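I opened this entry to look up helix packing and ring contacts. My notes follow the structure.

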Amino acid sequence: TMVRSLGGHMPLQNAVLDFTLVNFEQMYKYLDIEEVLMPAMQGKSSWVSLEELRRDQNVQMYFANVLQGRVWDDDDFTTYFDAHFETWEFCSSTTGGVVRLRGPAER
């Protein structure tokens with residue numbers, strides 16, 4: 001028996017096939033917040049306000065569809081970023097907080 005692969009066909013003898021069946025409609029329920037925040041920060045070389053992060057469409061959809069709740073307030077984001085200081089640098093101010101994704105050399 002042969003199985004089709006990207007490189008053509010390969011024999012099944014002595015082969016191990018590993019696969020996962022994914023229902024893509026359900027996979028979003030298993031996203032981690034970091035998988036949403038990191039893409040929202042991509043391409044931003046400087047600090048981003050929490051308000052700008054909250055306005056990101058994917059962040060809003062994550063909270064609405066996955067967590068099924070409101071987007072975090074400043075205190076919630078502060079707690080998250082403080083707890084994940086190795087990945088995120090967070091500064092709070094009187095006008096709200098700002099955050100940036102640490103570079104690889106800083107981690």
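How are helix 1 and helix 4 oriented to each other: roughly parallel or roughly perpendicular? I am working from a predicted model. I looked up the axes of helix 1 (residues 33-41) and helix 4 (residues 74-83): the angle is about 95 degrees. Angles of 65 to 115 degrees count as roughly perpendicular. Helix 1 and helix 4 are therefore roughly perpendicular to each other. Their axes lie 13 Å apart.

Next I checked the contact residues. Helix 1 brings Ile 33, Glu 34 and Leu 37. Helix 4 answers with Phe 77, Tyr 80 and Phe 81. I sorted the residues of this contact by class: five nonpolar, no polar and one charged.

Then I turned to the rings. I found nine aromatic pairs. Phe 63 and Trp 72 have ring centres 5.2 Å apart and planes at 75 degrees, so I noted the pair as edge-to-face. Phe 63 is buried, because its relative accessible area is 1% and the cut-off is under 20%.

Phe 77 and Phe 81 also pair, and this pair is stacked. I read 5.8 Å from centre to centre and 15 degrees between the planes. The two sit four residues apart in helix 4, so about one helical turn separates them. Both Phe 77 and Phe 81 are buried.

Last, I looked up a charge over a ring. The charged end of Arg 100 sits over the ring of Trp 47, 5.7 Å from the ring centre.

Note on methods:
Residues numbered from 1 in each chain as written. Predicted model: local features only at pLDDT ≥ 70, side-chain atom pairs only at ≥ 80, totals over all residues. Heavy atoms only, no water. Axes fitted to C-alpha atoms, helices over the stretch in contact; angles between N-to-C directions. Parallel < 35°, antiparallel > 145°, perpendicular 65-115°, else oblique. Contact = heavy atoms within 4.5 Å. Nonpolar A, V, L, I, M, F, W, Y, C, P; charged D, E, K, R; others polar. Phe/Tyr/Trp six-rings, centres within 6.5 Å; stacked < 30°, edge-to-face > 60°. Buried < 20%, exposed > 50% of the residue type's maximum accessible area, 1.4 Å probe, protein only. Lys NZ or Arg CZ within 6 Å of the ring centre and 35° of its normal.
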